[in-house]
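Here's a quick walk through the salt bridges and the chain-chain contact of this model. Have the viewer open as you read.

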2 protein chains.
Amino acid sequence: VSQHPEPDFARPLASWQARVDNALDRLLPPIDHQPTRLHEALRYSVLGPGKRIRPALVYATAAALKTDAALVDGAACAVELIHAYSLVHDDLPAMDDDDLRRGRLTCHKAYDEATAILVGDSLQSLAFEVLANGTGLPEEPRVRLHLVELLAHASGSYGMAGGQALDLAATGQQLDIEAVELLHQRKTGALIRASVLMAAACAHTSANVALALDRFGTQLGLAFQIQDDLLDVEGDPLLLGKAIGADHAQAKCTYPAVLGLEAARARMLGLHRGALDSLRELGSTAAPLTALCDWLVLRKF
Amino acid sequence: VSQHPEPDFARPLASWQARVDNALDRLLPPIDHQPTRLHEALRYSVLGPGKRIRPALVYATAAALKTDAALVDGAACAVELIHAYSLVHDDLPAMDDDDLRRGRLTCHKAYDEATAILVGDSLQSLAFEVLANGTGLPEEPRVRLHLVELLAHASGSYGMAGGQALDLAATGQQLDIEAVELLHQRKTGALIRASVLMAAACAHTSANVALALDRFGTQLGLAFQIQDDLLDVEGDPLLLGKAIGADHAQAKCTYPAVLGLEAARARMLGLHRGALDSLRELGSTAAPLTALCDWLVLRKF
């Protein structure tokens with residue numbers, strides 16, 4: 001597995017990334033609308049470089065369910081807006097205090113702290129506004145309301161923001177494996193799972209398939225985070241584009257720290273296998289989703 | 001006009017305040033759920049002392065439209081959750097840097113800055129989750145989705161968060177009256193207007209009445225903020241419970257600073273009259289809404 005996805009998978013991935021970037025560009029407020037500096041900062045924070053993993057999951061799940069990408073653009077944008085807001089707030093001095101992200105100044109460094117707080121706040125509102133009245137989604141209010149419910153729950157204190165709180169509280173502590181798993185499920189897993197479930201909701205999928213996709217998204221989210229932890233221990237800084245060992249230096253609670261490297265790797269591979277098993281009943285249309293899962297879990301970067 | 005509302009109005013106001021506090025207490029996560037410290041901080045930030053002005057507007061509008069309070073509890077909670085999140089973030093050191101609010105430590109002082117950021121973020125998610133799947137609202141997905149749209153737009157960069165950005169950018173600047181009005185409409189007005197419109201949406205009101213209530217909410221929101229500005233110049237610190245002159249000391253862009261005291265007061269009274277005129281076609285059921293409007297605009301505290 002190289003830094004770049006397999007050739008067969010590279011094309012759909014690039015098209016999903018371009019597709020969501022186009023859609024985000026269209027829905028973000030223009031920079032000549034007041035407040036102009038805030039709107040410039042929103043675009044800076046959302047449209048910068050990034051892998052667009054969550055939108056790719058939305059599109060790949062839609063493809064697996066034979067649903068047109070034009071029916072999930074809004075969901076892809078909404079989940080990326082939530083992810084972008086979380087990065088802006090996580091980078092703040094009171095949180096992870098990062099000056100750089102993906103080689104560029106973080107929002108509070110490029111602008112200022114107050115603007116960064118308001119950027120995150122506005123992006124979250126915009127995510128829900130898109131689900132309520134944006135294009136690129138099924139028209140049925142029932143479906144859109146379900147999307148709001150999925151995204152709000154995955155973002156709040158039982159999801160991503162709660163996971164971040166658990167992470168801050170755990171730093172420097174000794175957690176048991178259940179506590180580490182809860183932390184990771186919420187901090188990273190909840191939004192990854194929501195990306196899959198939102199696409200399933202747009203596709204009007206059956207309860208059975210939705211359940212299989214729920215298992216898939218849950219296992220993928222956890223496997224993705226364990227790989228993240230593993231790469232911080234044994235990754236190649238050249239491929240990662242950043243130094244390793246940050247989790248250890250910050251005394252973060254990670255899978256390798258709690259389980260050891262070997263057991264963490266085994267757990268990751270087990271979850272990866274379980275995620276792929278969950279996709280079996282979808283048949284051959286699941287191929288791009290399988291490839292995306294492999295790429296996300298087995299990546300070296 | 002005294003610090004306390006008129007006797008006829010005191011009873012409904014107190015009952016609305018108790019009603020929304022009960023509903024908020026039921027929907028906020030219990031403090032024995034993980035992350036316990038975050039959940040404790042959510043409750044600290046929402047259930048503390050406060051006038052519950054926006055929920056009162058939701059309930060008073062519902063009463064004016066002969067709609068049961070049980071059909072707007074969710075809207076009252078959602079708008080108060082957004083308001084509470086904005087106070088927590090506004091108090092942060094990078095924003096207004098306040099240590100005290102309503103005589104208690106602000107969230108980042110009682111807990112810490114990272115927790116305060118996550119409290120605000122979680123409260124915003126919770127507001128939209130309540131609208132999507134909470135009790136105390138009409139069941140129709142179309143109505144609930146409209147509530148999400150109204151609240152998201154009023155909260156984001158074209159609403160409250162954008163108004164806060166305009167306020168920060170304007171501090172120490174000379175703005176013309178149009179710019180001050182835009183700032184105030186968004187910073188305070190948008191959420192007040194949304195409180196009225198959300199109740200109207202729950203009441204399935206006619207387009208005509210919704211339009212009249214839109215005019216009412218817009219004018220009330222602006223009048224409320226001008227009165228806020230005026231009280232900071234000429235209010236009684238004993239009634240206000242805080243020192244006056246803070247806007248001037250911080251070189252904030254206010255109506256009195258731009259128009260002068262007399263013209264600002266005239267504008268406020270004109271808006272108040274306009275707001276009351278907008279309620280005329282509602283007939284006698286509008287009495288509590290009229291009383292609430294008088295209380296909010298003519299208050300001395």
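## Salt bridges in chain A

Arg193(A) is partly exposed, with a relative accessible area of 31% (buried is under 20%, exposed over 50%, partly exposed in between, using a 1.4 Å probe and protein chains only). Arg193(A) pairs with Asp214(A) in a salt bridge, with the closest N and O atoms 2.5 Å apart (the rule wants a side-chain nitrogen of Lys or Arg within 4 Å of a carboxyl oxygen of Asp or Glu). Asp214(A) sits in helix α10 (residues 207-234) of chain A and Arg193(A) in helix α9 of chain A, so the pair ties together parts that are 21 residues apart in sequence. Helices here are DSSP runs of H or I, at least four residues, and strands are runs of E, at least two, numbered from the N terminus.

Glu181(A) and Arg267(A) make another salt bridge, at 2.5 Å from N to O. Glu181(A) is in helix α9 (residues 177-202) and Arg267(A) in helix α14 (residues 261-278) of chain A, so this pair bridges 86 residues of sequence. Glu181(A) counts as buried because its relative accessibility is 16%, while Arg267(A) is partly exposed at 32%.

## Ground rules

This is a predicted model: local features need pLDDT of at least 70 and side-chain atom pairs pLDDT 80 or more, while totals for chains, interfaces and linings use all residues. Residues count from 1 along each chain as its sequence is written, chains are lettered from A and ligands numbered from 1 in the order written, and side-chain values use heavy atoms, with hydrogens and water left out.

## Chain B and the whole structure

Over in chain B, Arg52(B) and Glu80(B) form a salt bridge at 3.5 Å, N to O. Arg52(B) is in the loop between α2 and α3 (53-64), Glu80(B) is in helix α4, and they are 28 residues apart. Both Arg52(B) and Glu80(B) are buried. Over all chains, the search turns up 32 salt bridges.

## Where the chains meet

How many salt bridges cross the interface of chain B and chain A? The rule finds zero. The contact (heavy atoms within 4.5 Å) takes 46 residues from chain B and 46 from chain A. There are 16 residue pairs in polar contact between them, both at pLDDT 80 or more (N or O atoms within 3.5 Å; within protein, one must be able to donate a hydrogen and the other to accept it, and sequence neighbours count only if both atoms are side-chain atoms). On the side of chain B that touches chain A, α6(B) gives the most, with 13 residues.
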